[in-house]
Amino acid sequence: MHEVHIAIVGSGPSGLYVADALARKCSLARIDLIDRLPTPFGLLRGGVAPDHQGTKNIARQLERVLNRENVRFLGNVEIGRVASYAELKALYDIVVVTIGALDDRRMDIPGEDLDGVYGSGVFVAWYNGLPKARDLDPRLDGASLAIVGNGNVALDIARLLGKSAEELATSDLCVHAREMLALASFSDIWLFGRRGPLEAGFTAAELAELGQLERVAILVDAGQIPSRIPAELSGERGKLVEKNLEVLRGYATRGEQPEKPIRLHFLFNAAPVALLGEGRVRKLRLERTRIENGRCVMTGETEEIPVDTVISAIGYRATPFPGLPFDQQRGIVANQQGRVEPGVYASGWCKRGPQGVIPANRTDSLAVAEMILADLGQVQEFCKPGGKELDRLLVQRGVRVVDYSGWQKINAAEVALGVAGGMPREKFTRVEEMLAAACADGAGEWRGIVE
Ligand code: NAP
């Protein structure tokens with residue numbers, strides 16, 4: 001039997017879980033995990049909050065996948081730029097797209113393009129040191145900052161902004177973000193949910209973490225918290241909401257805590273409808289809502305809140321490379337249960353939309369891998385040339401591929417830098433720095449795997 005050549009585009013958790021399952025269950029599989037960055041782990045490195053080091057430790061298990069005999073890591077290879085999707089399909093028997101969903105959804109309200117307004121995707125990428133957002137330099141110099149959305153991303157951002165330098169000391173928050181946060185001057189953070197506490201997407205553990213912050217007083221209007229959950233909210237969702245309400249009630253009865261320099265205001269049933277200002281955002285106009293059958297209904301009652309910075313945390317869209325079938329309306333790769341077109345599959349956030357934590361994506365990826373294995377069983381012969389041909393192409397095009405050993409050098413250098421400063425790691429935030437670290441032993445340019 002011939003080897004089966006498989007390309008997985010995107011080395012975040014979803015891609016790594018697909019690779020793991022295929023590598024374990026198909027001895028003929030030769031898997032290339034391709035990433036546009038010289039570093040693996042996708043959202044685990046660039047999205048998970050830098051103070052959630054417990055979650056980041058999943059990288060240790062995922063690292064084992066990169067070390068498998070029939071898996072190669074090809075970092076610094078952007079499909080759609082240095083090689084096309086069509087070329088990939090011509091070279092590999094199977095292509096799996098696990099590119100996540102990284103582009104911010106827009107609020108589509110007037111004033112969204114004012115200075116001081118950011119999407120959570122770019123803001124989180126900035127503090128997590130992704131090269132594309134390294135130079136964002138967000139405006140954190142005002143008194144009042146708004147976060148739009150009631151999901152865990154909104155809470156991550158509120159917590160990061162609320163933490164003191166001491167509380168951030170054990171995180172791997174990048175130094176450029178530490179420096180800017182140390183100079184930040186806001187005293188009010190507003191969290192806007194267009195629906196109410198019963199509909200919020202955040203979870204109790206993340207909500208409760210906010211209550212531990214030494215500098216932050218949490219202000220919740222007790223009148224906005226339902227005294228009990230409706231009968232129709234039962235099962236797992238009911239339990240989750242009950243826990244959220246419990247934490248919120250605790251905050252509502254806690255009082256003002258005037259000794260704390262930052263106030264975090266939860267505003268429910270408040271839909272942002274416009275951002276106002278000359279050049280820079282200065283006010284957020286909200287419209288009060290009520291909920292009918294779970295849906296948000298505008299009441300016509302508006303209010304303006306002074307804000308100097310706005311971060312919208314309202315979800316993401318995937319970014320397709322040219323030729324990839326794409327569902328523009330949902331912002332995901334067009335697929336049927338993970339099937340994109342013959343020989344092409346998708347998994348993770350780019351398949352389902354930006355929902356669910358890492359274990360949910362693992363489940364999804366295992367299901368997609370099973371489907372691929374079942375489909376492979378129907379194929380008589382595999383005839384595509386695979387990674388050797390891609391290597392040849394990339395060498396021809398002068399691409400500096402970072403392989404697994406290159407990543408190990410980057411990793412070691414980052415950890416060493418971090419330890420020197422008392423942190424888990426200090427990330428490189430520029431591609432050139434990563435490439436320099438990947439070649440740090442004097443071996444010079446990466447030489448490729450061309451035989
Ligand atoms: P999310 O949970 O879907 O929250 C998005 C929020 O944006 C919702 O409150 C939504 O309100 C609101 N929204 C959407 N469009 C809006 C608009 N036009 N105007 C105002 N508000 C709008 O998504 P997320 O926070 O981005 O998180 C993504 C996934 O990652 C979730 O599964 C989350 O649990 C997970 N995550 C987990 C952690 C953790 O476990 N620590 C951390 C971060 C992320 P509606 O509900 O009314 O639509």
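Helices α1 and α4 cross in a left-handed way, meaning that the near helix is turned anticlockwise from the far one by less than a right angle; clockwise would be right-handed. The model is predicted, so local features need pLDDT of at least 70 and side-chain atom pairs pLDDT 80 or more, while totals for chains, interfaces and linings use all residues. Residues are numbered from 1 along each chain as its sequence is written, and side-chain values use heavy atoms, without hydrogens and water.

Helices here are DSSP runs (H or I, at least four residues), numbered from the N terminus. Helix α1 covers residues 13–25 and helix α4 residues 58–66; they pack at an angle of about 45°, with axes 9 Å apart. Because of that angle, α1 is oblique to α4. Axes are lines fitted to C-alpha atoms over the stretch in contact, with angles from 0 to 180 degrees between N-to-C directions. Oblique is what remains after roughly parallel (under 35 degrees), roughly antiparallel (over 145) and roughly perpendicular (65 to 115).

Helix α1 also meets helix α12 (residues 358–376), where the axes come within 8 Å and cross at roughly 40°. This makes α1 oblique to α12 as well. The crossing of α1 and α12 is right-handed.

Turn now to the ligand.

A polar side-chain atom of E206 lies 3.0 Å from a ligand nitrogen atom, a polar contact being a pair of N or O atoms within 3.5 Å. A backbone N or O atom of V153 lies 3.1 Å from a ligand oxygen atom.

Conventions
A polar contact is a pair of N or O atoms within 3.5 Å; within protein, one must be able to donate a hydrogen and the other to accept it, and residues adjacent in sequence count only if both atoms are side-chain atoms. Helices (H or I, at least four residues) and strands (E, at least two) are DSSP runs, numbered from the N terminus.
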